[in-house]
Amino acid sequence: MPEGPEIRRAADRLHEQLAGRRLEAVWFAFPELADEADSLMGREVAAVDSWGKALLTRFDDGRVLYSHNQLYGVWKLHDAEREPDTQRSLRVRLTAEGRSASLYSASDVSLWPVDRLDEHPFLSRLGPDLLTHGVTPEQAMARLCEARFARRRLGGLLLDQSLFAGIGNYLRSEILFFAGLSPTARVVDLTAEQLSRLARSILDVTLQAYQQAGVTNRDEWASAARRQGESRRQSRFAVFERDGHACHACGTPIERWVIASRRLYRCPSCQPDEKSA
């Protein structure tokens, strides 16, 4: 499933398609939204952004269209005169000045006043979005140290969307590797330098994945891996899905663990656990 950086890139594409343009056609498949379609006609799309794995399409009258792709949903961007070639079920279509955005196969869509978004049953459980909400290293450190998070082990904690929204499985492995921390470590046991390194890694790795379309590896390591015959999928990561391959930094074979029922990859030398540190 796409993680925060992929959802934010989708939001960017939707923003480029619609933002600053006035709606000339609106269609919803959902009966509870169909009556709202006419009230959106002529409204300007102010912006499209993301919060975790949700897309938020903001209109100039203060309303926000919430949509979550879940497993199968997808937005398709197209000219208003050209219907997408797909067998998927259309759920939402927004057309603004000749440009259309069509949402297929998603089932979680709703319209909210912006001042009530904090009441949304999904969004209200999320922590700040690392790419949308301008989280600073200092804010990241402070949040990690909150009592509800500080005593949990990092391997499970980083997947908790109430900590930070948008971190998924590949980001978890890559963040911990670049922070040099074991997934069994707890925030409460980290030194000040380790805590700072973790906060910086959370922000930097997520931003790089956004800017480079899912690539989190260092350029020189990725180039060396490709020369040695690794696929792009493997070479794009420092440790994720590289079990058995040599660590780029030290040569130790990467290990595959299962934590919180999800795959996790780590270098045992670069990320020693507390017993061997």
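Of the 277 residues in the protein chain, 49% count as buried, where buried means under 20% relative accessible area, exposed over 50%, and partly exposed in between, with a 1.4 Å probe and protein chains only. This is a predicted model, in which local features need pLDDT of at least 70, side-chain atom pairs count only at pLDDT 80 or more, and totals for chains, interfaces and linings use all residues. Residues are numbered from 1 along each chain as its sequence is written, and side-chain values use heavy atoms, with hydrogens and water left out.

I begin with the overall architecture. The protein chain contains 10 helices and 10 strands; these are DSSP runs, helices being H or I of at least four residues and strands E of at least two, numbered from the N terminus. Its C-alpha atoms fill a box of roughly 65 × 45 × 30 Å along the principal axes. Residues 24 or more positions apart supply 59% of the contacts that have a separation of 6 or more, contact meaning heavy atoms within 4.5 Å.

I turn now to helix α7. This helix spans residues 169-179 and is mostly covered, with 10 of its 11 residues buried. Among the buried residues are Y170, R172, E174 and F177. Which elements cover them? They include the helices α1 (4-18), α6 (154-157), α8 (192-211) and α9 (219-227), together with the strands β9 (255-259) and β10 (262-266). Just after α7, G180 adopts a positive phi of about 70 degrees.

Most residues other than glycine have a negative phi. E241, although not a glycine, has a positive phi of about 60 degrees. E241 sits in the loop between α10 (232-235) and β9, and is buried because its relative accessible area is 16%. S261 is also not a glycine, and its phi is positive, near 65 degrees. S261 belongs to the loop between β9 and β10. Is S261 buried or exposed? With a relative accessible area of 71%, S261 is exposed.

Finally, I consider T95, in strand β6 (residues 90-96). T95 counts as buried because its relative accessibility is 6%. The T95 side chain makes a polar contact of 2.7 Å with the side chain of S100; such a contact is a pair of N or O atoms within 3.5 Å, where within protein one must be able to donate a hydrogen and the other to accept it, and residues adjacent in sequence count only if both atoms are side-chain atoms. Leaving aside neighbours within four places in sequence, T95 is in contact with R22, L23, E24, A25, A80 and S100.
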